[in-house]
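This report describes a two-chain model for a reader who is new to protein structure.

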Amino acid sequence: MERLTPYALITPTTLLVIGLIIVPIVIVIGYSLMDNVIVDHNPHFVGLKNYWSILSSNNFWVAVRNTSIFTGGSVVVHLVLGMGFAMLLNTKLVSPVARTLYRVIYVLPWVFTASIVAVLWRLLLDPNGVINYLLQSTGIVHNAVTWLGGTSTALISVTAINIWGGYPFFMISLLAGLQRIPTDLYEAATVDGAKPVKQFLHVTLPQLRPIIFAMCLLDLLWTTQQFTLIWATTGGGPINYTEVLSTFTYRIAFNNYEFSLASASAVIVLIASVVVAVFYVRQLQRARES
Amino acid sequence: MSVSVTANSRRDAAARRAVGRRIVKKFWVYVGLTAGALFAGLPVLWMLSSSFKSNSAIFEYPPKLIDSTFSLSAYRAVLSSSQSLRFFLNSYVIALSVTALTLIVALHTAYAFSRYRFRLKGVLNVIIIGSQAVPPVALLIPYFGLMVSLHLYNSYQGLILTYIILTLPYAIIMMTAYIDGLPRELDEAAKMDGARPLTTLWRVLVPICGPGLVSTGLYTFMISWNEYLFALTLTQTNNMRTVPVGIQLLMGENNFQWNQVMAISILGCIPVLVLFLIFQRHFIQGLASGAVKS
């Protein structure tokens with residue numbers, strides 16, 4: 001009886017995990033190997049044909065490239081901004097009240113869901129909007145820029161929006177990490193005559209390394225999966241200049257109703273995510289062991 | 001005599017320099033903090049300001065933070081539209097149900113993970129951590145097929161079930177980290193007294209799990225209140241749409257009203273903002289301990 005207790009406790013989770021994660025993944029792999037699933041009641045097995053169609057499509061590689069730029073830019077700047085703000089909030093020079101106030105303001109972008117962040121920035125970045133007004137009145141640009149509609153600015157714009165909405169998660173986690181670093185490490189470093197930059201490189205960074213690893217992994221996975229922000233600002237356009245893997249897959253499935261092709265695309269994304277996750281967990285374990 | 005005077009004045013000068021450096025440093029810290037606050041806060045301030053303008057004043061030239069058309073009419077329009085109110089009702093029903101159900105399921109699983117050794121533990125743990133790497137778009141297509149064939153398409157139940165599985169993995173990680181931090185002596189004492197496992201969980205551990213339940217519940221509520229992709233795909237009629245999808249619907253209408261879109265956005269983020277401000281300390285610790293453990 002006692003031996004069965006843990007199994008009873010985990011039964012709901014196990015059923016949910018099997019029914020809503022494992023079975024759907026098996027289904028989507030099955031879909032990707034057939035033709036005209038969902039739409040046609042008697043789909044045929046077609047092997048890897050859908051995978052070849054996806055991998056030989058030019059749009060897929062455009063989406064890969066855009067996803068890489070969007071994700072790379074977001075993760076790097078999230079880390080830099082999150083670290084900078086966390087360290088500013090952690091200095092003893094600021095009074096506790098001011099620190100709390102600043103922290104609440106800094107966290108604000110994170111409270112807004114991607115759907116709201118998208119409409120907010122569509123307002124700000126509108127050709128007649130306040131950002132163009134500021135840039136024009138200070139003489140930085142002459143004509144209003146169509147930030148989200150221009151082929152040369154759209155990808156940078158959606159990346160910048162994602163940076164604005166996502167850095168607080170890094171900041172909060174790094175701040176919690178900074179507060180856990182024992183102060184005697186810094187005292188010892190000061191006694192040894194280490195300057196602030198050296199203290200940062202030899203005390204702060206090594207102490208935060210596990211958190212930085214975990215945050216970067218999560219952010220990498222979340223940002224490559226980002227759908228809402230892009231769908232609600234540019235819809236992947238103009239043409240396909242902001243098309244990322246999630247919008248590419250969604251479009252094939254729910255605009256073109258080619259569920260088999262979309263499943264193949266989704267499985268490719270799934271495999272890439274799992275590879276990244278496994279690689280990263282390995283690195284993390286190695287970092288912990290050394 | 002004169003020697004000690006110069007020594008003193010030298011020490012004073014050094015002390016003054018140190019104070020001076022501290023003031024300069026403090027000045028630059030405040031400059032940095034304020035620059036960051038403008039970066040984070042100005043867009044939000046602009047959204048708030050636009051929600052009080054008339055629609056024709058949204059792109060006025062030059063832009064003003066508060067202009068002569070200041071009024072609550074956009075909020076009045078949103079709150080008197082039965083369609084907008086329906087979006088809010090749907091979001092509340094779904095987010096609150098998901099929070100309650102996820103908390104109950106996560107609590108029991110976390111209790112097993114924290115206090116028992118069993119054969120499936122390793123496998124289940126790997127699946128729970130690994131499920132965070134599964135892209136939502138990979139689940140979306142089979143869910144669409146499943147929900148249609150189970151007649152759960154365009155229903156509360158379909159979305160609630162979906163959100164439970166989206167929130168459950170990290171909720172379990174957060175709750176396990178929290179229960180791991182509670183002394184084992186408590187439940188062992190209860191076991192000595194002959195309490196059953198479930199009685200121990202509910203009578204001994206749950207009453208002291210407050211902070212863990214709050215941060216996990218807030219995380220779950222936030223994810224389900226904010227979710228867009230599944231809500232967009234698994235609902236069909238406007239009376240089943242949630243707030244994030246509803247906002248995009250309003251934006252898609254011809255001649256949409258910017259001020260009303262901003263007003264519904266402000267109203268849509270209030271529940272999360274209020275909960276976050278009240279519980280932020282618990283929440284930040286809970287999220288961080290979960291992230292570090294996983």
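Domain bounds, as used here, come from an automatic or database domain assignment. By that assignment, chain B is divided into domain 1 (2-51) and domain 2 (74-293). The C-alpha centres of domain 1 of chain B and domain 2 of chain B lie 42 Å apart.

The model is predicted: local features need pLDDT of at least 70, side-chain atom pairs count only at pLDDT 80 or more, and totals for chains, interfaces and linings use all residues. Residues are numbered from 1 along each chain as its sequence is written, while chains are lettered from A and ligands numbered from 1 in the order in which they are written.

## Contacts between domains and chains

Two residues are in contact if their C-beta atoms, placed from the backbone, lie within 7 Å. By this rule, four residues of domain 1 of chain B are in contact with seven residues of domain 2 of chain B. On the domain 1 side of chain B, the residues that touch domain 2 of chain B are two nonpolar, two polar and no charged. In these classes, Ala, Val, Leu, Ile, Met, Phe, Trp, Tyr, Cys and Pro count as nonpolar, Asp, Glu, Lys and Arg as charged, and the others, Gly among them, as polar.

How many residues does each chain give to the contact between chain A and chain B? Chain B gives 70 residues and chain A gives 71 residues. Several helices of chain B each supply at least two residues of the side that touches chain A, including H1 (2-51), H3 (82-115) and H12 (258-293). The side of chain B that touches chain A has 51 nonpolar, 17 polar and two charged residues.

## Chain A as a whole

Helices (H or I, at least four residues) and strands (E, at least two) are DSSP runs, numbered from the N terminus. Chain A has twelve helices and zero strands. Its C-alpha trace spans about 75 × 75 × 30 Å along the principal axes of chain A. Of the 290 residues of chain A, 42% count as buried. A residue is buried if 20 or more other C-beta atoms lie within 10 Å of its own, exposed if 12 or fewer, and partly exposed in between, with C-beta atoms placed from the backbone. Among the contacts in chain A with a separation of 6 or more, 68% come from residues 24 or more positions apart.

## Two helix pairs

Two packed helices are described by the angle between their axes and the distance between the axes. Axes are lines fitted to C-alpha atoms, for helices over the stretch in contact, and angles run from 0 to 180 degrees between N-to-C directions. The table gives one pair from each chain.

| Helix pair | Angle | Axis distance |
|---|---|---|
| H3(B) and H9(B) | about 140° | 9 Å |
| H4(A) and H7(A) | about 125° | 7 Å |

Angles under 35 degrees count as roughly parallel, over 145 as roughly antiparallel, 65 to 115 as roughly perpendicular and the rest as oblique. H4(A) and H7(A) are therefore oblique to each other. Their crossing, that of H4(A) and H7(A), is left-handed. A crossing is left-handed if the near helix is turned anticlockwise from the far one by less than a right angle, and right-handed if clockwise. The contact of H4(A) with H7(A) has nine nonpolar, one polar and no charged residues.

H3(B), in turn, passes H9(B) in a right-handed crossing. The residues of this contact of H3(B) with H9(B) are eight nonpolar, seven polar and no charged.

A:Phe112 sits in the loop between H4 and H5 (114-124) of chain A. Is A:Phe112 buried or exposed? A:Phe112 counts as buried because 24 C-beta neighbours lie inside 10 Å. Leaving aside residues up to four places away in sequence, A:Phe112 touches A:Val117, A:Gly165 and B:Cys269. The C-alpha atoms of A:Phe112 and A:Gly165 are 7.7 Å apart, although 53 residues separate them along the chain.

Most residues other than glycine have a negative phi, and most peptide bonds are trans. A cis peptide bond joins A:Gly237 and A:Pro238, with omega about -5°. A:Pro238 is in the loop between H10 (228-233) and H11 (245-255) of chain A. A:Ile239 is also placed in the loop between H10 and H11 of chain A, and its phi is near 50°, a positive value. With 11 other C-beta atoms within 10 Å, A:Ile239 is exposed.

In chain B, a cis peptide bond joins B:Tyr61 and B:Pro62, with omega about -5°. B:Pro62 lies in the loop between H1 and H2 (73-79) of chain B.
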